[in-house]
Amino acid sequence: MLITLGYLVYEKEVSKKFRSFGCFGREHSCRSRSHPTSKKRTPAIADPDHPRGFPWRCRDIVSAPRVFCCFSIVTAQTRTVGKDEEEGEGEGEGEGSSSSSGSFGDFARTAPMGNSQSQSPPAHPRFASASRAFTQKELEDLRSVFVSLAAQSQANGHHVSLPVFQGYFNLHVPLSERLFDLITQKRKDGQLNFEDLVIAKATYEKGTRDEIEEFIYQLLDVDDDGNVTRSDLESVMITVFDSVFSPKRVQTGGSPKQQDLRIFLDSANFSENVQGHGDQSMSLEDLRRWFAVVPSVWKFLGSLLVPPNSGRLGTQVPHLSCWNNIDSAEIILKEEYAWHIGGVLSEEELEQWKLLYHSSLNGLSFNTFLGSINNSEGPTILIIKDREGHIYGGYASQPWERHSEFYGDMKSFLFQLYPHVSIYRPTGANRNVQWCAVNFSSEDIPNGIGFGGRVNHFGLFISASFDQGQTFACTTFGSPCLSTANRILPEVIECWGVVQKKQQEKQDAVRGTVLERFKEDRHMLNMVGLANSSK
């Protein structure tokens, strides 16, 4: 590496200070414009912001009316310089030149030294700023990954091939091909270099939410025609499902069902007309609204450059623990639904969900429901399938306890599962989150369980008779009516308990003890409003 530094000079002193200026491994005489006898061409000085990299010449520097400092870092291969080149006939751009524009990218690049004929390409203008988004340790780790993948690509350590990229990140076509194309700046050369990887990860992982969403919007344009149509989205969702649920489906030889894909696609909006095309296109704003109601998809598409074995977000599906005496066909909650609901939950809440109540075995009974869930200290998931075939429910972050007014926290939410999926989180408009009224005689305190809205105008409510309920649009969650009508008639009701590791350890420690049995009895008395009379 040759480093050349021009001294601080005034215009009048330049002929004394600049007797020579080394650029690109050659030396040239450098004189001011006041010396017309000079016949030699002035050398170019590297500028990484210029398209060709060489806009400045020494004569431009020395004519400046103020002090000027030039610092250039140049990487050069050892070579023999001909006489014509010594006389300045070329500017380092002709055949046989091995010069490279000076930049931070050249300094950071650790090119293989084994092949004296190879040379590193000029650094991408965005590489220096992208590198600053990472710590030195992160860059070193990223370099190690790149070197390993490049070795597998059998490319002399220069680049990563598409097959190796697909295998490492466990992504299927067409999503993997589109992602590879975007990362490599659409060069279509099938070669992903280290600078490509740093720039992509800086935008895709370190950027603002808007920048990430814009990147994903381009990613969804699988055909690269400037439009994100329903067919584009469907092909992407097939890839997502294959990645999330592939272990079981590969063993069974199955594939995503059209119904499972449709419920996600039907929740998206395509508001833009496409000239000469029958389909409509999704706008960037459409995409943002879609991500708001399908956070599981946002999680997955936002972490594609994280290896699956490193804890990629959006891939975890809770283990659904059911009873042995129930037919799996009767269970409403399936893996695709659980993955959707889990899009707003932490990893600890996605380990195991345990079936606590099912109306087909326990009957449509409020008291049986309360008795079945009274030992669950963690969050619960209420799922309802009504006679219209719609499936929806709510996530209760707090235990179901007897109250005469709304309670709960802002972690609860409502959701839809069929005929389309959506999640509605608290808007902050009010704190009317959970409702659980038992054995109240006042009409102003309706007995039953519910979420959001206001009394007698709930976002979702099941009466104590468990044979009817209501759902209205509510500001608590910004949710619409969850069914075809405000009055609902439940056909099947399920309740699942979210089993967290600490909770499970605690339950195992006291299971079967007198303390545990007393606690269950006490909780049941509290639910029916008789706890105080037992003292």
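Trainee: How many helices and strands are there in the protein?
Mentor: This is a predicted model. The protein has 19 helices and 20 strands.

Trainee: What share of the 535 residues is buried?
Mentor: Buried residues account for 47% of them.

Trainee: And the accessible surface, what does that come to?
Mentor: About 27000 Å² for the protein, with 49% of that belonging to carbon and sulfur atoms.

Trainee: What about contacts, how many of those with a separation of 6 or more come from residues 24 or more positions apart?
Mentor: Such residues make up 60% of the contacts in that group.

Trainee: Switching to helices. At what angle do the axes of α10 and α13 cross?
Mentor: At roughly 105°, and the two axes come within 10 Å. Helix α10 covers residues 209-220 and helix α13 covers residues 284-293. The angle means that α10 is roughly perpendicular to α13.

Trainee: Which residues meet there?
Mentor: From α10, Arg209, Asp210, Glu213, Glu214, Ile216, Tyr217 and Leu220. From α13, their partners are Leu284, Leu287, Arg288 and Phe291.

Trainee: How do the residues of that contact of α10 with α13 divide, nonpolar, polar or charged?
Mentor: Six are nonpolar and five are charged, with no polar ones.

Trainee: One more helix. Which residues are buried in α17?
Mentor: Phe366, Phe369, Leu370 and Ile373, in a helix made up of residues 366-373.

Trainee: Where do the buried residues of α17 fall, seen down its axis?
Mentor: They lie within an arc of 95°, so they line one face of the helix.

Key:
Residues numbered from 1 in each chain as written. Predicted model: local features only at pLDDT ≥ 70, side-chain atom pairs only at ≥ 80, totals over all residues. Heavy atoms only, no water. Axes fitted to C-alpha atoms, helices over the stretch in contact; angles between N-to-C directions. Helix = DSSP H or I, 4+ residues; strand = E, 2+ residues; numbered from the N terminus. Parallel < 35°, antiparallel > 145°, perpendicular 65-115°, else oblique. Contact = heavy atoms within 4.5 Å. Nonpolar A, V, L, I, M, F, W, Y, C, P; charged D, E, K, R; others polar. Buried < 20%, exposed > 50% of the residue type's maximum accessible area, 1.4 Å probe, protein only. Areas by Shrake-Rupley, 256 points an atom, 1.4 Å probe, with all protein chains shown as cover. Arc of directions from axis to C-beta.
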